[in-house]
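User: I would like to go through this model with you. Could you take my questions one at a time?

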Amino acid sequence: MPDLDLSSFSAAAGPMQTWVLPALLGLGLASATGLRTFLPLLMLALSAKFEMFGVRLIDQMDWLVSWPAIAALATATVAEFAGDKVPAIDHGLNAIGYVTRPIAGAVAAGSVFWNVDPSTAAIAGLIVGAPAALAFNAAQTGVRVGSTATTGGLGNPLVSLVEDVLAFLTVIIAFLAPIVIPIVLVILAIVVFRLARRIRERSEMRTA
């Protein structure tokens, strides 16, 4: 029986731990920030604070695990959760999200590239995090506009609650099994697309 080349496993583990897994984790976190700005950051901070799921942050993000930062994120998360259940306010939050959510996505994604230098982590965060957050915020806009047109805004709190659950579950999956995040995001995109299309069709039927 030939000897195993353990050096090849070590070489593969290096890029996997340094680039692939952080990129997938960051992608999951950033996609969730496209739905909720602060919840993924709060979950990331708590996970790093209590050393759960093997989450590690770059040294420059140590402030994120401080109690004042966690308290501020928790307050912002609750405020966003409540405000997004109120028609009109939810549209304002979504509009602001075109600026805040890509930033949050870049911060979340860049924070988990703990095995590279800070400038590289920041660039990786921008590349991975900002587009993912922006894409899901745009998808949320389509669903929310359709819901408003169809239900007069009365259905928006239910849509918002579904988004809360999706954001939470996406982060949990990213923590537990980042390798499956691309599959999860494809499924999530399909669900959001079909929901937006169904809402749009109902709106067109009402105006016909």
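User: Which residue with a positive phi follows α2?
Analyst: Glutamate 51 follows α2, and its phi is positive, near 55°. This is a predicted model, in which local features need pLDDT of at least 70, side-chain atom pairs count only at pLDDT 80 or more, and totals for chains, interfaces and linings use all residues. Residues are numbered from 1 along each chain as its sequence is written, and side-chain values use heavy atoms, with hydrogens and water left out.

User: Where does glutamate 51 lie?
Analyst: Glutamate 51 lies in the loop between α2 and α3. Helices here are DSSP runs of H or I with at least four residues, strands are runs of E with at least two, and both are numbered from the N terminus.

User: Is glutamate 51 buried or exposed?
Analyst: Glutamate 51 counts as exposed, at 70% relative accessibility. Buried means under 20% relative accessible area, exposed over 50%, and partly exposed in between, with a 1.4 Å probe and protein chains only.

User: And α2, how many of its residues are buried?
Analyst: Nine of the eleven residues of α2 (residues 39-49) are buried, so the helix is mostly covered. The buried residues include Leu39, Pro40, Met43 and Ser47.

User: Changing topic: how do α4 and α5 cross?
Analyst: The axes of α4 (residues 89-111) and α5 (residues 118-151) come within 6 Å and cross at roughly 155°. The axes are lines fitted to C-alpha atoms, for helices over the stretch in contact, and angles run from 0 to 180 degrees between N-to-C directions. α4 and α5 are therefore roughly antiparallel to each other; that term covers angles over 145 degrees.

User: Left-handed or right-handed?
Analyst: α4 passes α5 in a right-handed crossing, meaning that the near helix is turned clockwise from the far one by less than a right angle.

User: What kinds of residues make up the contact of α4 with α5?
Analyst: The residues of this contact divide into twelve nonpolar, eleven polar and three charged. Ala, Val, Leu, Ile, Met, Phe, Trp, Tyr, Cys and Pro count as nonpolar, Asp, Glu, Lys and Arg as charged, and the others, Gly among them, as polar.

User: What is alanine 132 in contact with, leaving aside neighbours within four places in sequence?
Analyst: Alanine 132, which lies in α5, is in contact with Leu27, Ala30 and Ser31. Contact means heavy atoms within 4.5 Å. Alanine 132 and serine 31 are 101 residues apart in sequence and 5.1 Å apart in space, C-alpha to C-alpha. Alanine 132 is buried, with a relative accessible area of 10%.

User: And where is phenylalanine 81?
Analyst: Phenylalanine 81 lies in α3 (residues 67-83) and is partly exposed, with a relative accessible area of 39%. Leaving aside neighbours within four places in sequence, phenylalanine 81 is in contact with Leu161 and Asp164.

User: Finally, how many helices and strands does the chain have?
Analyst: The chain has seven helices and zero strands. Of its 208 residues, 44% count as buried.

Methods. Angles under 35 degrees count as roughly parallel, over 145 as roughly antiparallel, 65 to 115 as roughly perpendicular and the rest as oblique.
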